[in-house]
Structures are given as C-alpha cells and as structure tokens.
Amino acid sequence: MEKHPSQELQNLYRNRNFQGADPNSAKILFVGRDPNWAIDIENMPVFAKVKEYLVDGVAFWNKHYIHHPFLLQEYKGDGKRYHRIFSKLEIDRNEADKISFVELIGIPTTGMSMKNSKRFYDYLLSSSNIAHLKELDKLINDTNKIIFIAWGLIQDFKIIFAHTGLFSKFAKLNKDNFSITELNQFENIFIHRHFSDAISNSTINKISEKLKCHLK
C-alpha cells in the first residue's frame, strides 16, 4: 500500500478524513484499516460521484439511495463486495446522518494493506497520523456511540497501544474469549468478521438488530 498519488483525493481528505456522516455527531461508527482507493480512480467515470460523496456523504446517500459510490453500476473495482455486503444491513437513508466510516489511517491510500504490513504500520504509527489516532481514540471511548470493527483490527489496536498508549481498552483484550464467526461485544464495541470476508448472514442479521435498537 502507498499514499494515494491523487492530489485531488488528498485535498478532499484534508477537509474530511472520514466517509459518510461526521463521526463526532454520528451515533454509529464502522472502523476500518485504511481508506483504500484504486490508483486510477481519477480516470474512472465514477470519480465525479466519488468527489460528491467525499464532500457530503449524507447528502449523497439521500440523493442516490445508496450509501457509497462503489455500489454504482459503473464501478467495477475493489471495495464493491464490502459495500454490497454492508448494504444487506438495510439501513434506511433517513439514518444517513448517524452512520460514519472511519479508518485507522487518516489519508487516502492505494494498494492492499495486507500485502505490505510493514508499510501499513509505518503509515499507521507515523507522526503525521498520531493526531488522527488521538481523535479516533476519543470517538471510540464515547459511550454514547456504538463501534463496529472487523476481527483483524484487534491486533492493530494492540500494536497502536504498545507504541502510543492509545486505545488502552484493547491492551488486555483476549481474542480467545471471542469467536470470529459470531458478533462479539466488548463494552460499546462490536467485533465481527470483515464485510469483505466470509461473514455469515446470521452475523449480518445480528448487526442489523443492534443497529435498529441503537437508532430508535
């Protein structure tokens, strides 16, 4: 993975380094590793919609009746499966202002982080990303919110804690007490299989029920 070469994309993230609703006011956060965009996203027909989405994700959802531009028919790249599975949660667009997507890395990237772990952790723990992680730590510790994270992020949070002291609640978290095939709860955090992985319909349904309860 690398920092995305698109200056336009970088500028958009300078203004709003999240997707969907503002995470400070949102009630529900979905936390990912890094905002991975196709390296040639600027040259795709969908890029105008991507910019529209990054400027105002809530307005985009209400206008186009989909929560993310990757669901548009003209988009064929990576990330489509994640958002197609996410859409199974059937969140009403009227709740768009309550749903935010935030990442451990606060700049747009390209390339799969799993294929270059060293580069991922270099970016993650860089001095330029620490301020972003501090803000994310505050959000995750806000008990008025519920947080959904994929299974693999548990280890990422432990590594961040070891280097920075942030996300201290994860320091002693033992994954052996949980099951990757289930929806696990830890304080205000729900841990589940990644939406791009083999997440079951049962887990999707359980997440949906938690969302319905919290959005009442």
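Reader: Which are the buried residues of H3?

Author: Happy to start there, with the reminder that this is a predicted model. Helix H3 spans residues 57-64. What covers its buried residues includes strand S2 (19-20), H2 and strand S4 (99-103). The buried residues themselves are Gly 57, Phe 60 and Trp 61.

Reader: At what angle do H2 and H3 pack?

Author: Helix H2 covers residues 47-55, and its axis lies 5 Å apart from that of H3. The arrangement counts as oblique, since angles over 145 would be roughly antiparallel and those from 65 to 115 roughly perpendicular. The packing angle is about 125°.

Reader: How do the residues of that contact divide into nonpolar, polar and charged?

Author: From H2 come Lys 49, Glu 52, Tyr 53 and Val 55. They meet Gly 57, Phe 60, Lys 63 and His 64 in H3. The division is 3 nonpolar, 2 polar and 3 charged.

Reader: Over in H1, is Gln 10 buried or exposed?

Author: Gln 10 is found in helix H1, residues 7-15. Leaving out residues up to four places away in sequence, Gln 10 touches Lys 3, His 4, Ile 107 and Pro 108. Its relative accessibility is 6%, and the cut-off is under 20%, so Gln 10 counts as buried.

Key
Residues are numbered from 1 along each chain as its sequence is written. This is a predicted model: local features need pLDDT of at least 70, side-chain atom pairs count only at pLDDT 80 or more; totals for chains, interfaces and linings use all residues. Side-chain values use heavy atoms; hydrogens and water are left out. Axes are lines fitted to C-alpha atoms, for helices over the stretch in contact, and angles run from 0 to 180 degrees between N-to-C directions. Helices (H or I, at least four residues) and strands (E, at least two) are DSSP runs, numbered from the N terminus. Angles under 35 degrees count as roughly parallel, over 145 as roughly antiparallel, 65 to 115 as roughly perpendicular and the rest as oblique. Contact means heavy atoms within 4.5 Å. Ala, Val, Leu, Ile, Met, Phe, Trp, Tyr, Cys and Pro count as nonpolar, Asp, Glu, Lys and Arg as charged, and the others, Gly among them, as polar. Buried means under 20% relative accessible area, exposed over 50%, partly exposed in between (1.4 Å probe, protein chains only).
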